Amino acid sequence: MQKELHISYEEFNNWAELNEQDRNLLSAAQDATGLAYVPYSQFKVGAAVLLESGKIYKAGNQENASYPVTICAERTLLSTLTSVANGEKILAMAVSYYKNSENYTQPISPCGMCRQAIVEAETRQGAPITIILGANNPENKVYKVDGIASLLPFQFTSEDLK
Ligand code: THU
């Protein structure tokens with residue numbers, strides 16, 4: 001039997017179309033590209049989360065001379081949070097990037113490993129995380145989804161281990 005899966009997301013033409021909270025978070029993610037350590041790819045990724053207390057935390061990708069040891073911005077941030085956020089829920093995560101070439105406008109597409117890490121964060125806190133994806137310039141397009149299921153359907157979770 002053929003079945004279909006519908007994924008819904010919001011698209012904004014630029015940052016000005018976002019609500020203030022989302023715009024601030026995306027701006028924090030863009031600032032976080034300044035935290036990236038990217039001597040090998042020069043591809044700077046920034047991630048920022050909004051916690052239920054209103055606090056914002058940020059991180060950038062951290063590369064390594066042994067390439068597979070590199071940690072993406074999203075996972076750098078999520079791992080840090082388990083130590084510093086006191087178990088607070090994550091309401092939203094924004095991700096943005098900067099690279100040394102002109103004319104890139106497409107919102108970042110988080111890698112598969114980071115999507116799986118966000119699945120774990122959602123499962124752990126028992127609530128979805130809004131995800132806002134942008135690129136380096138406030139004039140660029142933005143995508144927003146209301147949980148990781150829209151970016152990673154058929155997810156593997158702790159339920160599968162039972
Ligand atoms: N990267 C991230 O930080 N997040 C993503 O979602 C995609 C990829 C990083 C890893 C590496 O440092 C660089 O981008 C190029 O792959």
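## How α2 and α3 pack

In this predicted model, helices α2 and α3 run roughly parallel to each other (angles under 35 degrees count as such). Helix α2 covers residues 73-84 and helix α3 covers residues 112-125; their angle is about 25° and their axes lie 9 Å apart. The crossing of α2 and α3 is left-handed.

## Around the ligand

Let's turn to the ligand. Its surroundings include Ser41, Phe43, Val45, Thr70, Cys72, Pro110 and Cys111, with a heavy atom within 4 Å counting as near. The shell divides into six nonpolar, three polar and two charged residues.

Polar contacts here are pairs of N or O atoms within 3.5 Å. A side-chain N or O atom of glutamate 63 sits 2.5 Å from a ligand oxygen. Asparagine 61 places a polar side-chain atom 2.9 Å from a ligand oxygen, and alanine 73 has a polar backbone atom 2.9 Å from an oxygen of the ligand. The protein buries 79% of the 370 Å² that the ligand exposes when taken alone (Shrake-Rupley method, 1.4 Å probe).

## Reading the numbers

Residues are numbered from 1 along each chain as its sequence is written, and side-chain values use heavy atoms, leaving out hydrogens and water. Local features need pLDDT of at least 70, side-chain atom pairs count only at pLDDT 80 or more, and totals for chains, interfaces and linings use all residues.

Key
Polar contact = N/O pair within 3.5 Å; in protein donor to acceptor, adjacent residues only side chain to side chain. Nonpolar A, V, L, I, M, F, W, Y, C, P; charged D, E, K, R; others polar. Axes fitted to C-alpha atoms, helices over the stretch in contact; angles between N-to-C directions. Helix = DSSP H or I, 4+ residues; strand = E, 2+ residues; numbered from the N terminus. Parallel < 35°, antiparallel > 145°, perpendicular 65-115°, else oblique. Left-handed = near helix turned anticlockwise from the far one by under 90°.
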